[in-house]
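Thanks, everyone. Please bring the model up on your screens, and I will walk you through it.

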Amino acid sequence: MNTILSVKNLKKYFPIKREGKFFGVKHDVLKAVDDVSFDIYEGETLGLVGESGCGKTTLGRTIMRLYDPTGGKIIFKGDDITELDQKQLHPYRKDMHMIFQDPYASLNPRMTVSEIIMESMINDTALSASQRKEKVLELLDLVGLNSDHATRFPHEFSGGQRQRVGIARSLAANPKFIVCDEPISALDVSIQAQVVNLLKDLQKRLGLTYLFIAHDLSMVQYISDRVGVMYLGRMVELASSEELYKSPLHPYTTALMSAVPVPDPDKERQKRRIIVEGEVPSPINPPSGCAFNTRCPRATDKCRGVAPSFTEVTPNHFVACHLFDNEKKEEKIQ
Amino acid sequence: MTDSCEMMEKTEEISFKRVSKDQKEAEKILRPATTFIQDAWARFKRNKLGLVGLIIIVIMLIFAIIGPMVIPYDYRSQSLDNAFKAPGAEHLMGTDNLGRDMFVRLAYGARISLACGFAASLISLGIGVIYGTISGYAGGKVDEIMMRIVDIISSIPSMLYVILLMVVLGNSLTNVFIVIGVTGWLGMARLVRGQVLSLKEREFVLAAKVSNVSNWHIMLKHLIPNAFGPIIVSMTLSIPSAIFLEASLQFLGLGISAPMPSWGGLAQEGISALRSYPYLLWFPAIFISVTILAFNFLGDALRDALDPKQN
């Protein structure tokens, strides 16, 4: 398997201004993404889950270089794109695109659907005007819309249709890699299935690679080959989706998995839910050591002092937790 | 799946008809395609006061364009025999101290005042939109410096440098346009910057960045069109203040030179004869107030019409 994108120790901190005493401004830092590493292989879907505010979207946008990373490396198709400026990024951005969370905010209300879809063809492809029009119709057909939608404005569409326009836009320049930033969370459930199936279908047909960001665990399991779990800006666990759902290791993942509702009332009643106490700490002053230590039922002194490293515990199963420091002593928590 | 199919078949027998399975058919939009302008016009028509304003402005424009051609008098030829004629059949709005017909002078005044209103606000629109967009989009230090410059300029009383500029440039119609335009863009720049600041974080702008389009494309296609509503409203509301400023300049003797009349100049002449011939002040005053009121009505109506959330 070829690695299409690899992220190494990526950090994105946002400075936060706070009033100083009289003159001068004190700066706090919000650690939105803190030391995250993973690889994405060609043709796979990597799911990324976590609570709201844990840095999933920031991670996606930093990978697209919409934000400048504070530290670490982003390697796309073998080249380091971390330090490139906007002009130098052009050849790489041809091969990547993004689907956005809010279909009501991601389409310019003053442009027609065909103008929206054509936008990335302007600089990323060598198509003539008539070829572009043809391509727009082709793309509309691909996402299940029809040709007379091309002249419409976004406000005339429903949420699901808008999201499909967004998908068509992201495909316009034939990218290889697409960051799907919660593409379904603004849609209602019946439409979610439609859009997810469309994404899966497109992946098969066009050989796309997805980074699929979401907070709906069952949806992520359905679409992803591997799943990463984020907590407070850090990646806490990464494994194939089957493995992660069957035998989660990190206490946070275990708690998350126990919250997935099962569509069977009998099983649901028997299921034991692990309730995590307390609130997510602020990413401005994250707890020392392991970020989860304030809420972890199994936290020790070591967890409060030393940050656990992200290590491969079993083949292709990475976890950042002191419980698994010594593989021999490993025990699976139920 | 099979369960639900059987269910459907059963229900079909009872009362329901199976809907066509054609997905494409389901996506059809029945509402005719409308552009943004058509939508805005439909909303605008509902506002009666705005329509009244628009009609008054159109009448004023017609009066300004056609009036001087139709009225059988000249704005400059004096006939002292006819001085201070009261409004009547021969002179609809009377004559002034030099026997010039007031109606034709008001028509010429309308040309000057309206042209000044439009030209000056177009100039401030141009400067303000470019300045504000660059400042807001660039952000950071550039924005900080550009906005401090605006703050400094706006801390000087505008009348002061309007007068200074007029003295330096000399009295002419174009100079009046320029001076009013050059001093009126500050508000527009602030407004556009604010709009751009919030728009540039929107997802469609991020999508454009990911699509590899140039910054100019983003500004022209995404930022300015989406700030268009507030810009048009603010421009409409700045026209009356330009007309007003021109009138006050004329009143101070700094506007265009006689005998070319403007509404402000006519009002100033009228004031000297207020006791004996009040109509000389009344007519220009009424024209100025009605026009300004009409523009304000129009601006308010446009504010509502251009906001798509009002639908």
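H3(A) and H4(A) make a right-handed crossing. By convention a crossing is right-handed if the near helix is turned clockwise from the far one by less than a right angle, and left-handed if anticlockwise. Before going on: this is a predicted model, where local features need pLDDT of at least 70, side-chain atom pairs count only at pLDDT 80 or more, and totals for chains, interfaces and linings use all residues. Residues are numbered from 1 along each chain as its sequence is written, and chains are lettered from A and ligands numbered from 1 in the order in which they are written.

Back to the helices. H3 of chain A covers residues 113-124, and H4 of chain A covers 129-142. Helices (H or I, at least four residues) and strands (E, at least two) are DSSP runs, numbered from the N terminus. The two axes come within 10 Å and cross at roughly 115°. Axes are lines fitted to C-alpha atoms, for helices over the stretch in contact, and angles run from 0 to 180 degrees between N-to-C directions.

Which residues make the contact? H3(A) brings A:Ser114, A:Ile117, A:Met118 and A:Met121. H4(A) brings A:Arg132, A:Lys133, A:Lys135, A:Val136 and A:Leu139. Contact means C-beta atoms, placed from the backbone, within 7 Å.

A:Ala168 touches this region too. Beyond its neighbours within four places in sequence, A:Ala168 contacts A:Ile117, A:Leu139, A:Leu140, A:Leu142 and A:Val143.

Next, the sheet. Eight strands of chain A form an open, mixed sheet, ordered E6-E7-E8-E3-E9-E10-E12-E11. Strands pair if DSSP finds at least two bridges between them. E6 (96-99) and E11 (311-314) of chain A are the edges, each pairing on one side only. Neighbouring strands are turned by 20° against each other on average, direction ignored. Inside the sheet, E9 (226-231) and E10 (234-240) of chain A run antiparallel, joined by six bridges. There, A:Val229 stands opposite A:Glu237 in E10(A).

Last, the interface. How many residues of chain B are in contact with chain A? The count is 23, against 31 residues of chain A. On chain B, the elements giving two or more residues are H2 (23-26), H10 (203-210) and H11 (215-251). H10(B) gives the largest share, seven residues.

Conventions
Two residues are in contact if their C-beta atoms, placed from the backbone, lie within 7 Å.
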